[in-house]
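Visitor: I would like to learn how to read this model, one feature at a time. Where do we begin?

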Amino acid sequence: MDRKLSAILAADVVGYSALMERDEAGTFERLRAGRKELFEPEIARHHGHIFKLMGDGMLAEFGSVVDAVECAVSLQRGLSERNASVPEAEQIQVRIGINLGEVIVDGDDRYGDGVNIAARLQQLAEPGGICVSGKVAKEVEKKLAFAFEPMGEQKVKNISEPVQTYRVVLDPQAAGKALHVRRQPRAWRFSVAAGILVPALGLAAAWWQPWERPAQPAARAAGESAETRPSLVVLPFDNLGDDKEQEYLANGFTEDLTTELARVPGLFVVSRNAAFAYKDKDPKPEEVAAALGVRYLLEGSIRRIGDDMRINAQLIDSSTSGHLWAERFDGRWADVFALQDRVVGSIAGALQLRLVSGAQPARAGGTSNPAAYDAYLKALDIYNRENTPAEFAEAVKLLQKAIEIDPNFGAAHAQLAWAYWEADITRAVVMGLSIDAAHAKVHETLKAAARHPSPTYYQLVADLMVREHNSDEAVTVLLKSVALDPSDTWNYLSLANALNFNGRPKEALSYLDAAARVDPISWTDYRLYQAGLAEFGQENFEGAVRTIEKMDLESPDPWAKFFALQVLLSAYGHLGRTDQAAAALERFRKVVTQRQMWDPNQLITQDFMVFKNTADIERLLAGLTKAGVPDLPAFAKAGMNPKDRLTGAEIRSLMFGHETRGKLVFDKFLPMQRATSVDGTVIETIGQRTRSGTSWVQGNFLCNAFPGELTSCGAIFRNVFRTPGRDDEYKAVYRWEHFEFAVVK
């Protein structure tokens with residue numbers, strides 16, 4: 001029987017039965033939305049996880065009691081904001097109790113008094129309130145900006161000893177006899193209009209327009225305490241070794257140190273990309289702090305000679321430009337992980353933050369083998385910069401070497417999967433693979449990465465899930481990734497992407513703000529594209545145009561233009577701006593030609609922009625039609641009469657609940673059989689290959705999603721050139737495949 005010390009948060013809906021009796025369907029939907037949009041994201045952002053859900057309540061576990069209390073406060077504030085626009089009879093209120101104690105671990109479940117006391121404490125809380133045990137209050141009293149009002153010893157059901165109890169007072173002025181009051185509240189959170197809380201990772205307390213850098217706080221008087229969450233950037237460490245090729249070591253050490261520090265409770269750390277903008281430069285501390293919105297700067301150097309290592313590090317307070325802490329660490333290369341831990345611990349101590357023993361998981365997907373780590377860092381150094389196909393192939397070999405040394409190195413498996421996924425024809429050939437063979441290795445490699453998941457793993461899995469019409473799971477996966485590395489910009493950008501395609505554009509905007517906070521320098525065009533897509537998803541076509549027109553649409557990166565131009569074209573179409581639409585269509589035509597995708601058409605849009613909700617894709621396609629984008633490529637229409645095309649309703653009647661038989665006629669000739677159930681489950685055999693997946697109708701197109709493959713949509717026509725007895729009554733036209741078939745059952 002395993003036991004561990006945990007902070008347990010128990011939450012229960014006030015008046016659940018009465019709410020359900022008044023409006024069962026509406027209450028269920030509001031509870032579901034609150035859990036998906038508020039509770040699950042907030043708990044994940046505070047490094048917790050839900051281990052039990054009941055109809056009217058839930059239990060969550062945290063490794064840090066500070067995180068648990070901060071999360072509870074965020075939840076109650078978020079609910080208060082959501083309730084502000086809801087009639088009183090429909091408002092959802094919860095009671096929350098928090099306890100710190102030993103729990104019994106049984107798989108994913110938790111038992112014992114540690115859990116039971118938390119559940120009893122929530123019963124003592126007021127509606128919209130938080131009640132904590134004395135252990136919790138004692139642990140967090142000097143760390144958080146909340147007051148704790150004593151409620152005395154409480155006798156609770158099934159617990160033999162009375163429990164010392166405190167009420168969390170969010171407004172210190174309302175406190176009676178407070179245990180502890182800090183002078184200033186935390187200033188890093190803000191909420192969006194929908195009441196969704198932005199990640200508690202250091203977002204400014206002001207409202208920002210997308211991608212405007214938050215204003216810096218006013219200068220403090222000398223000696224005045226800044227009662228805000230410490231914020232830090234890890235500047236690129238210098239390589240002081242004689243071997244300049246060991247630059248990869250300094251870069252990799254900086255990146256890993258950033259990740260580890262970002263997981264320290266109570267510390268906000270900006271991303272590695274933002275920090276590396278200052279590599280090989282010598283800016284003033286106050287300039288860096290102003291640009292990145294942080295107070296503290298960590299800088300240093302690393303020297304490796306043979307197996308000997310020396311790390312020098314210093315922590316600078318930008319408000320004074322003075323050194324808050326400086327230290328030298330000597331050790332062997334074999335001790336590199338212990339040296340990293342010592343640096344993290346020293347910095348946490350200098351900032352008066354406590355590392356919670358056992359609260360943070362081991363390096364996500366990492367290794368304890370220095371040789372595997374060395375090969376991995378060399379590969380990343382190549383991968384993260386502009387590289388030739390030959391250099392790309394060298395990075396792949398180094399990743400394969402790292403895996404050979406340590407087969408359990410999850411991050412190396414995940415990075416290798418990304419390499420296979422991003423390989424173009426030239427890079428695949430240099431690796432000794434065809435493009436199809438490289439892509440076939442993606443899922444095989446991801447299976448190995450899944451044994452020890454890392455943020456890199458979760459990001460690729462989520463990207464594929466979105467393209468496979470599974471954005472629900474993609475959002476869940478990415479929340480796990482945020483918990484592993486809160487400093488990784490791509491976690492928030494990926495979440496914004498998944499939420500946009502999941503039909504939740506307001507939430508997407510909040511994660512884009514989080515991305516801008518952890519990295520105000522990089523990925524500007526991608527953020528603008530996602531922000532424009534979010535505006536479009538709310539039918540704010542003017543806002544979508546304004547945002548996307550801020551992008552560098554002349555950028556050499558074709559993919560940024562590929563996605564953004566489709567949204568821009570559709571918005572122009574909806575707004576009736578024919579001249580601008582014509583110019584944008586010509587620009588899009590060049591991008592499509594460059595990507596060898598024939599000509600602009602709506603099959604391309606549907607293959608790459610996979611929305612969960614039919615209304616969202618139909619909104620996009622309707623605008624494209626108005627902007628002059630054809631629904632099918634020109635060659636696909638050859639010999640086809642529009643009168644012979646099936647409508648969406650006709651496609652559903654023809655395909656769903658039936659079996660079809662025929663052949664693939666482009667780009668190969670192979671026999672085909674397909675069975676589609678009424679609910680859209682598909683089993684399809686082409687040649688010797690059988691696959692299963694799902695089908696659905698959007699507009700007048702039939703779409704298919706198969707695991708491990710990208711979504712594809714096509715049109716179906718009655719085949720006027722059919723030959724009796726040859727199973728060619730209909731013709732299905734997809735972007736890369738054409739079929740002739742007949743219904744046989």
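Visitor: How many bridges join β9 to strand β11?

Guide: This is a predicted model, where local features need pLDDT of at least 70, side-chain atom pairs count only at pLDDT 80 or more, and totals for chains, interfaces and linings use all residues. Residues are numbered from 1 along each chain as its sequence is written, and side-chain values use heavy atoms, with hydrogens and water left out. Two strands pair if DSSP finds at least two bridges between them. Here 2 bridges link β9 to β11 (residues 268-269), and the two run parallel. L232 faces V269 of β11.

Visitor: Which residue in β12 is the bridge partner of V233?

Guide: L297 is that partner. Strand β12 (residues 296-305) runs parallel to β9, with 3 bridges joining them.

Visitor: Are the faces of β9 buried or exposed?

Guide: Buried means under 20% relative accessible area, exposed over 50%, partly exposed in between (1.4 Å probe, protein chains only). In β9 (residues 231-234), S231 and V233 on one side are buried, as are L232 and V234 on the other. Across the chain, 55% of the 745 residues count as buried.

Visitor: How many helices and strands are in the chain?

Guide: Helices (H or I, at least four residues) and strands (E, at least two) are DSSP runs, numbered from the N terminus. The chain has 25 helices and 22 strands.

Visitor: What share of the contacts comes from residues 24 or more positions apart?

Guide: Contact means heavy atoms within 4.5 Å. Among contacts with a separation of 6 or more, 63% join residues 24 or more positions apart.

Visitor: What pLDDT does the chain average?

Guide: pLDDT is the predictor's confidence in each residue, from 0 to 100. The chain averages 82, and 88% of the residues score at least 70. Over residues 172-228 the pLDDT is below 50, yet the stretch has 134 contacts in the model beyond near neighbours in sequence. Residues 354-362 also stay under 50, with 14 contacts beyond four places in sequence.

Visitor: Which residues line the second largest cavity?

Guide: A cavity is a set of points on a 1 Å grid over the protein atoms alone where a 1.4 Å probe fits but cannot get out; lining residues have an atom within 4 Å of a point. Grid points are joined across faces, edges and corners, and a volume is the space filled by probe spheres set on the points. There are 2 cavities of 30 Å³ or more. P41, V475, L479, L495, L499, R504, E507 and Y511 line it. Helices α16 (471-484), α17 (489-501) and α18 (505-518) each give two or more residues to that lining.

Note on methods:
On a 1 Å grid over the protein atoms alone, a cavity is a set of points where a 1.4 Å probe fits but cannot get out, and a pocket is an open set with protein on both sides within 12 Å along at least five of seven lines; lining residues have an atom within 4 Å of a point.
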